Amino acid sequence: MTKVTSSSVQELYPEQYELFRLPAGRPVRFRRREFLKLLGTGLVVLCVSPRAGAQAESGGGGRRRGGQGRPTNLDAWLKVEPDGTVTFFTGKAEVGQNIRTSLTQAVAEELPAPIGSIRAVMADTDLTPYDMGTFGSRSTPDMGLQLRRVAATAREALLDLAAAHWSVDRASLSAADGKVVHSASGRSVGFGELAAGRQLVRTISAETVLRPATQWRIAGTSVPKVDAREFVTGGHRYASDMALPGMLFGRVLRPPSYGATLDSLDTARAGAMPGVRVVRDGDFVGVVAPSSHEASRAVAAIGATWKTHAQMSESELFRALRGGDGPPDGLVREADGGITLRRTYTMAYIAHVPLEPRAAVAAWKDGKLTVWTGSQRPFGIRDEEMTAAFGLAPERFRVIVPDTGSGYGGKHTGLAAIEAARLSRAVDRPVKMVWSREEEFTWAYLRPAGVIDVASRAGADGRIASWDFHNYNSGNAGIEPPYAIPGPKTQFHRSDSPLPQGSYRSLAAAANHFARESHVDELAGELKLDPLEFRLRNIENPRLRDVAEAGARAFGWGGPRTAGRGRGMAVGVDKGGHVATFAEVAVDAESGRVGAVRVVQAFDCGAVVNPDHLKLQLEGAVVQGLGGALFEAIHFGNGQIVNPHLSAYRVPRFSDAPQVEIVLVDRRDLPSAGAGETGLVGIAPALGNAICDATGVRLRSMPLVPDGMRRPG
Amino acid sequence: MPVVSELNVNGVRHPLHADGDRPLLSVLRDDLGITGTKFGCGEGQCGACTVHVEGVPIRSCLTPVGAIGPQRITTIEGLEKDGRLHPLQQAFLDEGAMQCAYCTSGMIMSGVVLLAKNPDPTDEEIVRFMDGNICRCGVYPRILGAIKRAAKAMGGART
């Protein structure tokens with residue numbers, strides 16, 4: 001046990017930096033003394049931001065405050081309150097992936113303490129340690145591990161306290177269920193009682209022993225969503241539900257097309273509406289009103305003319321992304337029975353369509369902004385976007401992310417928060433900003449469209465002999481083939497996108513898997529080999545073989561078939577996850593309607609933290625991925641999205657959802673990888689391959705069947 | 001449209017002052033602070049704003065508040081009785097039928113009406129009735145399971 005003074009706190013740290021994957025360069029938030037005061041009494045587990053030391057480690061740039069080896073920045077990760085409540089702090093955001101639950105399990109496992117005694121404070125830039133953002137399927141592998149170390153450190157400190165309390169040998173004590181137990185005497189004492197009335201600080205130690213996954217008791221089980229009751233009663237407050245006294249509702253005037261600039265403006269009519277105020281700051285024009293509806297009416301009453309410029313049409317897109325025509329498609333059969341195949345695949349822009357649109361409630365007080373907003377990057381909004389928008393230091397902004405109505409990679413930016421903050425500042429009242437669905441489609445960003453050219457050769461022995469894969473615009477993720485191919489060539493080429501684009505669940509892995517797994521299926525077909533057999537001949541990765549075989553068994557691959565239906569499969573490895581997807585489709589010969597009937601998805605992401613929530617993620621990924629696979633597409637022309645409404649942009653509904661079966665390969669011997677994204681990569685190629693199996697028609701553009709299958713002839 | 005000065009929500013009469021042509025959703029959320037009902041699309045396509053008026057499900061984003069009159073409105077907050085959740089709310093918990101849960105209020109409000117009309121719906125009947133409610137996280141199979149579980153709990157299911 002360490003009685004902490006400010007100087008001893010400092011001495012504890014320097015060797016700890018390399019433990020944490022926190023990026024360098026964050027601004028100072030608290031000075032040491034005020035920080036410890038703020039934390040009050042109880043057991044606190046801290047770590048120091050790795051600014052000075054970590055920069056030396058990584059060689060990275062970034063601002064430095066405080067000298068080398070003199071850290072000034074402490075982060076509290078966990079606190080044990082006198083009543084036994086354990087609070088942990090993480091900068092990650094809950095957007096429906098259920099990390100509030102899985103991270104609670106990680107803490108509960110290592111303390112150990114009951115799930116119900118643990119509270120998570122998430123994604124609040126004033127309260128939680130810096131975090132780069134909730135993306136890349138990193139919450140479980142990085143934050144889960146970090147919080148396990150934090151909780152194990154707390155456990156060790158509590159054991160020290162109890163040993164001193166009873167004057168017994170520390171080795172005779174154990175921790176269980178929120179208590180330290182001395183089994184020899186039958187005594188036990190609660191964590192809260194041990195921590196009460198003291199100010200204790202522990203830092204996270206490299207020697208902390210974590211419980212191996214093979215011995216997990218709380219992690220590894222299907223703990224229900226921790227705050228689920230709040231969501232079925234309507235009690236949970238999303239950012240769009242927040243309210244403050246005196247709050248007004250904002251709306252912003254949007255240009256008619258991308259890049260349009262304001263020519264003339266007439267706000268007289270809007271400004272005369274009761275309770276309405278118009279705010280103008282250069283090209284930024286907005287209104288505030290007493291209700292969301294009145295704000296919409298007021299902004300519609302603004303007269304504005306715009307300077308626009310001609311922009312690309314949708315029909316020019318793929319040629320423009322590639323920068324010209326690609327190589328012609330072709331199949332060549334060689335004398336030795338091998339084949340070479342050249343194909344091009346395309347994918348349309350699609351939208352995230354989070355059901356909760358971008359939303360924010362902003363309030364300024366004494367020159368500091370507090371903003372609640374649905375976002376995956378609260379610290380990025382504070383450090384990059386807010387500082388740039390207002391020219392103020394990061395300390396002047398507090399960004400809080402209530403558990404959010406989904407993101408799917410689409411909520412990395414803070415535009416709604418900035419707009420709410422600008423309006424709030426101008427009218428000196430709290431302002432709520434909730435984007436309309438049309439704004440959400442138009443002024444956020446999209447999953448990149450892409451063109452992929454693939455050239456390959458496969459021998460009569462069923463081995464892929466060469467691989468040349470070029471992705472234009474959609475991205476790098478998942479571009480490497482998981483097959484044993486000699487010297488495969490893959491290249492991502494950047495392009496100028498005519499539409500705003502950005503992250504989307506699984507990034508480009510969905511596009512790259514679609515192209516690769518469609519292509520591999522075609523090779524198998526041309527060689528008259530079963531698609532599973534062909535893949536297995538080319539897979540050396542044992543984890544991928546395992547999921548392919550486990551999925552095939554559950555699906556009944558090779559078993560009896562139903563007339564009018566087709567089967568397809570796909571495999572992939574991305575972000576530490578190994579996936580095999582098997583799909584059965586029904587194609588209605590009369591109407592051409594294509595429906596996914598049944599999907600089996602086998603998945604291995606190492607040790608599974610919460611089997612039920614992992615299955616839920618994978619089921620949801622299949623259903624969401626099915627939309628982009630079969631029918632979702634953004635249509636555009638001349639700088640405008642032409643279908644920015646749910647009535648014109650089809651997303652999967654109940655009637656589109658197949659029967660989904662998830663097969664988990666739980667590898668307790670391996671570290672946990674993330675699982676939010678990789679479940680989405682197999683569904684499009686599996687469906688495309690199944691459609692080809694059913695109809696003989698090979699489709700190479702996503703969406704595959706926006707209008708169903710055209711009847712032959 | 002005339003000004004609306006009272007609204008009966010979840011058995012409580014709320015005095016207010018709202019233009020009758022404002023959508024019910026805006027009045028519930030902005031004026032009365034009853035925020036369990038969600039805005040999703042504003043065009044009646046997603047079902048997130050579903051509430052009951054005299055037991056009939058309506059899309060509150062498209063319904064002018066002036067059209068309600070003295071009729072009784074029920075929102076998600078009104079389903080719990082004496083601390084007991086409606087069986088469908090409980091079934092959503094038991095099935096884990098949510099991810100981000102932003103659609104959950106509307107899903108439950110639609111599902112409650114389905115079960116009132118049809119105590120033992122088939123899968124096809126559930127899909128047809130619920131097809132106007134969007135879950136972007138793709139939790140449909142679990143929601144379908146929750147409706148069937150609730151049907152059983154309410155004694156409607158034959159099996």
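In which strand of chain A is the place of A:Phe603? A:Phe603 sits in strand β25 (residues 594–604) of chain A, where strands are DSSP runs of E with at least two residues, helices are runs of H or I with at least four, and both are numbered from the N terminus. Welcome to this predicted model, in which local features need pLDDT of at least 70, side-chain atom pairs count only at pLDDT 80 or more, and totals for chains, interfaces and linings use all residues. Residues are numbered from 1 along each chain as its sequence is written, while chains are lettered from A and ligands numbered from 1 in the order in which they are written.

**Around A:Phe603**
- A:Phe603 is buried, because 27 other C-beta atoms lie within 10 Å; the cut-off for buried is 20 or more, with 12 or fewer for exposed and partly exposed in between, using C-beta atoms placed from the backbone.
- Beyond its neighbours within four places in sequence, A:Phe603 is in contact with residues including A:Val547, A:Gly577, A:Leu618 and A:Gly679; a contact puts the two C-beta atoms, placed from the backbone, within 7 Å.

**Chain A as a whole**
- Chain A has 18 helices and 29 strands.
- Of its 713 residues, 54% are buried.
- Among contacts in chain A with a separation of 6 or more, 77% join residues 24 or more positions apart.

**Domains of chain A**
- The chain is divided into domain 1 (6–224), domain 2 (239–308 + 358–434) and domain 3 (450–702), with bounds from an automatic or database domain assignment.
- Domain 1 of chain A has 19 residues in contact with 20 residues of domain 3 of chain A.
- On the domain 1 side, α4 (99–110) and α5 (139–166) of chain A each give two or more residues, and α5(A) has the largest share, four residues.

**Helix α11 of chain A**
- In α11 (residues 378–390), the buried residues include A:Phe379, A:Ile381 and A:Met386.
- What covers the buried residues of α11(A) includes β18 (397–400) and α12 (415–427) of chain A.
- After α11(A) comes A:Gly391, with a positive phi near 65°.

**Where chain B meets chain A**
- Here 45 residues of chain B are in contact with 47 residues of chain A.
- Helices of chain B that give two or more residues to this side include α1 (24–31), α3 (104–117) and α5 (140–153).
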